[in-house]
Amino acid sequence: MEPETKEHLLHMLKQLSRVSYMASAMVFSTFAGVWFGYWLDMDVFHGKTHPWMTIIFFFFGLAGGIRNLFVLGGRMKKDEERRSKAIESEHEKKS
Amino acid sequence: MEHPLLFLPIILSALGLPAYGGDSALAQILAPHMQYSYLAMAICLLIAKAATSKMRLIPKGVQNVMEMYVGGLEDFVIEQVGGRDKAMIIYPMVATFGFLILISNYMGLIPGFMSPTANLNVTLGCTLIAIVTYHALGIRFHGWKYIKHFMGPIKVMAPFFLIVETFSHAGRIASLSIRLFGNMMSKEMLLGLLFTMAGPYLAPLPIMLLGVLVCLLQAFIFVVLPVTYCAEAMGDAH
């Protein structure tokens with residue numbers, strides 16, 4: 001396999017894995033928030049606060065999911081910049 | 001699919017051992033997913049032994065494959081973490097995860113074997129190791145200032161960010177473990193259903209092809225994400 005093809009394949013796999021992760025991280029983080037809020041409502045406060053804790057922690061979980069997106073998006077951007085720099089320097093060497 | 005046809009449990013139950021799970025300690029140690037995890041570990045050790053027993057300057061056979069894997073992954077981790085010293089701390093863990101999960105995933109494609117990763121306990125165990133490691137690394141590199149990573153940029157909003165970060169980390173644990181488990185489980189279920197309902201010859205082939213790709217991708221994800229988290233925990237606070 002040529003090094004360029006190998007690099008391209010690796011890059012594609014990396015992007016694919018991060019993107020597939022982003023979706024699930026968002027869903028499960030929201031789910032964790034809802035579950036915790038529901039647990040507070042039902043087991044700790046015995047249904048007196050229902051459904052307020054669930055709603056509040058749903059938003060906390062959602063915010064956590066979006067935070068995950070920011071972290072991984074930032075990392076993807078860094079990778080992209082590094083990659084384009086490497087490609088540019090390669091072109092300069094060739095020319 | 002109460003008891004799918006699996007070779008190891010058949011052999012063990014012929015020896016009089018509780019091989020299909022149960023409540024006693026021995027039955028839990030010898031549950032099917034545990035047996036196949038042991039098999040995956042044994043295969044890993046055997047391949048590592050075969051690759052390093054007769055080392056040559058010009059690699060041949062198994063040594064060639066393993067050198068490619070180890071070298072390629074090393075470059076990848078160094079590039080992500082940004083420094084050889086830091087990379088070498090997490091490299092053994094990540095390389096082991098990659099290799100073990102790749103073998104575990106592919107084992108499910110052989111008739112009579114199952115993927116140990118199609119059980120949530122196995123994937124959750126791997127995930128917890130990765131999560132604890134990156135928090136420990138964060139504390140090691142930043143001391144107790146590591147908690148600033150969870151406080152966000154604005155001081156007044158620190159408690160809010162602390163709660164949000166807690167859920168984002170809980171989401172990471174769940175998504176890392178449940179995605180691997182879900183992918184493998186769905187592949188096994190689909191294969192089993194097609195084998196029994198649509199005939200054993202050509203019907204399961206497309207799913208098998210998809211399975212080959214998904215197995216590789218999932219093992220790769222389990223390498224990329226712990227590396228990303230460790231790099232983030234070891235890097236500067238944002």
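This is a predicted model: local features need pLDDT of at least 70, side-chain atom pairs count only at pLDDT 80 or more; totals for chains, interfaces and linings use all residues.
**Figure 1. Overall architecture of chain B.** The secondary structure of chain B consists of eight helices and zero strands. Along its principal axes, the C-alpha trace of chain B spans about 60 × 50 × 40 Å. Chain B has 238 residues, of which 42% count as buried. Among contacts in chain B between residues at least 6 apart in sequence, 66% join residues at least 24 apart.

**Figure 2. The interface between chain B and chain A.** Here 27 residues of chain B are in contact with 27 residues of chain A. The two chains bury about 2500 Å² between them, and 69% of this area is on carbon and sulfur atoms. On the side of chain B, the residues that lose the most area to chain A are Gln80(B), Phe167(B) and Phe220(B), which together account for 23% of what that side buries. Between the chains there are nine residue pairs in polar contact, both residues being at pLDDT 80 or more. The elements of chain B that give two or more residues to the side touching chain A are helix 4 (62-81), helix 7 (158-197) and helix 8 (205-234). Helix 7 gives the most, with 13 residues. By class, this side of chain B has 15 nonpolar, seven polar and five charged residues.

**Figure 3. Salt bridges between the chains.** The count between chain B and chain A is two salt bridges. In one salt bridge, the side chains of Arg67(A) and Glu165(B) meet at 2.2 Å, N to O. Arg67(A) lies in helix 2 of chain A and Glu165(B) in helix 7 of chain B, so this pair joins two chains. Arg67(A) is buried, with a relative accessible area of 17%, and Glu165(B) also counts as buried, at 4% relative accessibility. Arg82(A) forms a salt bridge with Glu79(B), in which the closest N and O atoms are 3.4 Å apart.

Figure 4. A search of the whole structure finds eight salt bridges over all chains. Asp79(A) forms a salt bridge with Arg18(A), with the closest N and O atoms 3.1 Å apart. Asp79(A) lies in helix 2 of chain A and Arg18(A) in helix 1 of chain A, so the pair ties together parts that are 61 residues apart in sequence. Both Asp79(A) and Arg18(A) are buried. These two residues belong to a network of salt bridges that links Lys14(A), Arg18(A), Asp79(A), Arg82(A) and Glu79(B). Arg83(A) forms a salt bridge with Glu7(A), in which the closest N and O atoms are 3.3 Å apart. This pair links distant parts of the chain, with Arg83(A) in helix 2 and Glu7(A) in helix 1 of chain A, 76 residues apart. Glu7(A) counts as partly exposed, at 41% relative accessibility.

**Figure 5. Surroundings of Thr228(B).** Thr228(B) lies in helix 8 of chain B and counts as buried, at 1% relative accessibility. The side chain of Thr228(B) makes a polar contact with the side chain of Arg18(A) at 3.3 Å. A polar atom of the Thr228(B) side chain also lies 2.8 Å from the backbone oxygen of Val224(B). Not counting residues up to four places away in sequence, Thr228(B) touches Arg18(A), Leu72(A) and Arg75(A).

Figure 6. Ser24(A) lies in helix 1 (residues 3-44) of chain A. At 12% relative accessibility, Ser24(A) counts as buried. The side chain of Ser24(A) reaches the backbone oxygen of Tyr21(A) at 3.0 Å. Apart from neighbours within four places in sequence, Ser24(A) is in contact with Ser175(B) and Arg179(B). Ile178(B) is placed in helix 7 of chain B and counts as partly exposed, at 30% relative accessibility. With neighbours within four places in sequence left aside, Ile178(B) is in contact with Phe28(A) and Leu120(B). Ile178(B) and Phe160(B) are 18 residues apart in sequence and 27 Å apart in space, C-alpha to C-alpha.

Methods
Residues are numbered from 1 along each chain as its sequence is written. Chains are lettered from A and ligands numbered from 1 in the order in which they are written. Side-chain values use heavy atoms; hydrogens and water are left out. Contact means heavy atoms within 4.5 Å. Buried area is the accessible area (1.4 Å probe) that two parts lose on being put together, summed over both. A salt bridge is a side-chain nitrogen of Lys or Arg within 4 Å of a carboxyl oxygen of Asp or Glu. A polar contact is a pair of N or O atoms within 3.5 Å; within protein, one must be able to donate a hydrogen and the other to accept it, and residues adjacent in sequence count only if both atoms are side-chain atoms. Helices (H or I, at least four residues) and strands (E, at least two) are DSSP runs, numbered from the N terminus. Ala, Val, Leu, Ile, Met, Phe, Trp, Tyr, Cys and Pro count as nonpolar, Asp, Glu, Lys and Arg as charged, and the others, Gly among them, as polar. Buried means under 20% relative accessible area, exposed over 50%, partly exposed in between (1.4 Å probe, protein chains only).
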